[in-house]
Amino acid sequence: MTIEILDNWLGSAAIGFDDAWELQRTLHAQRVADEIGDTAMFLEHPPVYTAGRRTEPHERPFDGTPVIDVDRGGKITFHGPGQLVGYPITKLPAHVLVVDYVRRVEEAMIRAAADLGVTTGRVPGRSGVWIAASAGRAERKVGAIGIRVSRGVTMHGFSLNADVDLSFYERFVPCGIADAGVTSLSAELGRDVTVRDAAAAIAPHLAEMLAWEPYTPTPDLAERDDAAPLVPVGTPVIR
């Protein structure tokens with residue numbers, strides 16, 4: 001089954017988090033009831049912080065930007081213009097583990113970034129998509145992920161920084177990680193990469209990853225010289 005991408009909320013059509021959350025819940029209920037097939041919302045939000053269940057009080061920003069508590073895992077993160085947000089609403093096959101789903105969404109972001117000219121990967125022990133430390137620069141996160149699975153159907157999802165204003169990340173501790181940075185595809189390439197560019201790059205990879213076929217994962221950043229094993233469907237990729 002091919003996942004349907006809904007991308008009506010980019011650029012000037014950016015949608016507020018609360019409105020997107022209401023729509024996401026509607027689509028989730030429809031997917032649970034098999035009234036629709038697998039669907040993903042691609043969108044931008046006006047500036048907002050969302051705090052996952054593990055967010056500590058000291059990690060919250062106090063700059064006046066709205067902070068919304070959400071029912072996903074993880075800590076606090078930022079959403080705003082210049083960042084592609086994706087909410088896959090997909091029914092997990094019975095034999096697929098949640099960690100496999102997370103790794104597949106990460107893989108879609110990694111492959112999309114590579115298509116756009118940025119080499120990324122996973123960092124053991126940290127979720128999301130990263131750029132390796134180099135030339136005195138710490139590891140830098142370019143893609144985040146935070147999900148919930150309810151009644152066998154996924155909610156929330158991923159964010160990929162295209163040309164987001166990185167100053168927002170100086171106002172809090174992104175994802176509770178204080179010893180690494182945050183970046184964007186545009187900052188790494190020294191040229192503009194738009195949200196639409198990022199959306200076009202990731203859409204085919206997300207569809208491929210969520211078709212649940214075996215795939216060869218990109219090696220972790222610390223393991224770039226190692227051969228990547230073939231991962232059958234339902235096998236967690238944990239290093």
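Which residue just after α1 takes a positive phi? Asp-34 does, at about 60°. That detail belongs to a predicted model, in which local features need pLDDT of at least 70, side-chain atom pairs count only at pLDDT 80 or more, and totals for chains, interfaces and linings use all residues. Residues are numbered from 1 along each chain as its sequence is written, and side-chain values use heavy atoms, with hydrogens and water left out.

## Overview

The protein has four helices and eleven strands. Both kinds of element are DSSP runs, numbered from the N terminus: helices are H or I with at least four residues, strands are E with at least two. Of the 239 residues in the protein, 53% are buried. Buried means under 20% relative accessible area, exposed means over 50%, and partly exposed lies in between, with a 1.4 Å probe and protein chains only.

The accessible surface comes to about 10300 Å². Carbon and sulfur atoms hold 51% of that surface. These areas come from the Shrake-Rupley method with a 1.4 Å probe; for residues, only the protein chains shown count as cover.

A contact means heavy atoms within 4.5 Å. Take the contacts between residues at least 6 apart in sequence: 67% of them join residues at least 24 apart.

Strand β2 covers residues 39-43. Five of its five residues are buried, so the strand is largely enclosed by the rest of the structure. Thr-39, Met-41 and Leu-43 point one way from β2. Ala-40 and Phe-42 point the other way.

Several strand pairs can be set side by side. Two strands pair if DSSP finds at least two bridges between them.

| Strand pair | Sense | Bridges |
|---|---|---|
| β1 (residues 4-9) and β2 | parallel | four |
| β2 and β6 (residues 83-89) | antiparallel | five |
| β6 and β10 | antiparallel | four |
| β9 (residues 140-150) and β10 | antiparallel | eight |

Thr-39 has bridge partners on two strands. Glu-4 is partnered by Thr-39 in β2. Thr-39 in turn has Ile-89 as its partner in β6.

## Helix α1

How are β1, α1 and β2 arranged? They make a right-handed β-α-β unit, with α1 at residues 17-32. Right-handed means that, with the strands pointing away from the viewer, the path from the first strand over the helix to the second runs clockwise.

Helix α1 has 16 residues and reaches 22 Å from its first C-alpha to its last, close to the 22 Å expected at 1.5 Å a residue. The expected span is 1.5 Å times one less than the number of residues.

The buried residues of α1 are Phe-17, Ala-20, Trp-21, Gln-24, Leu-27, His-28, Arg-31 and Val-32. Seen down the axis of α1, they fall within an arc of 135°, so they line one face of the helix. The arc is that of the directions from the helix axis to the C-beta atoms. The face turned away from this buried side carries the exposed residues Asp-18, Asp-19 and Glu-22.

Two residues show what this part of the structure touches. Gln-24 lies in α1. Gln-24 counts as buried because its relative accessibility is 1%. Leaving out residues up to four places away in sequence, Gln-24 touches Met-41, Tyr-87, Ile-89, Met-155 and His-156.

Thr-50 sits in strand β3, residues 48-51. Thr-50 also counts as buried, at 1% relative accessibility.

Strand β10 covers residues 153-161, and nine of its nine residues are buried. Leu-160 in β10 is the bridge partner of Leu-84. Ile-147 stands opposite His-156 in β10. Strands β9 and β10 form a hairpin with two residues between them. In that hairpin, Arg-151 takes a positive phi near 55°.

## Helix α2

Helix α2 covers residues 98-115. Its 18 residues should span 26 Å at 1.5 Å a residue, and its end C-alpha atoms are 26 Å apart, which agrees. Of these 18 residues, 14 are buried, so α2 is largely enclosed by the rest of the structure. Just after α2, Gly-117 takes a positive phi of about 105°.
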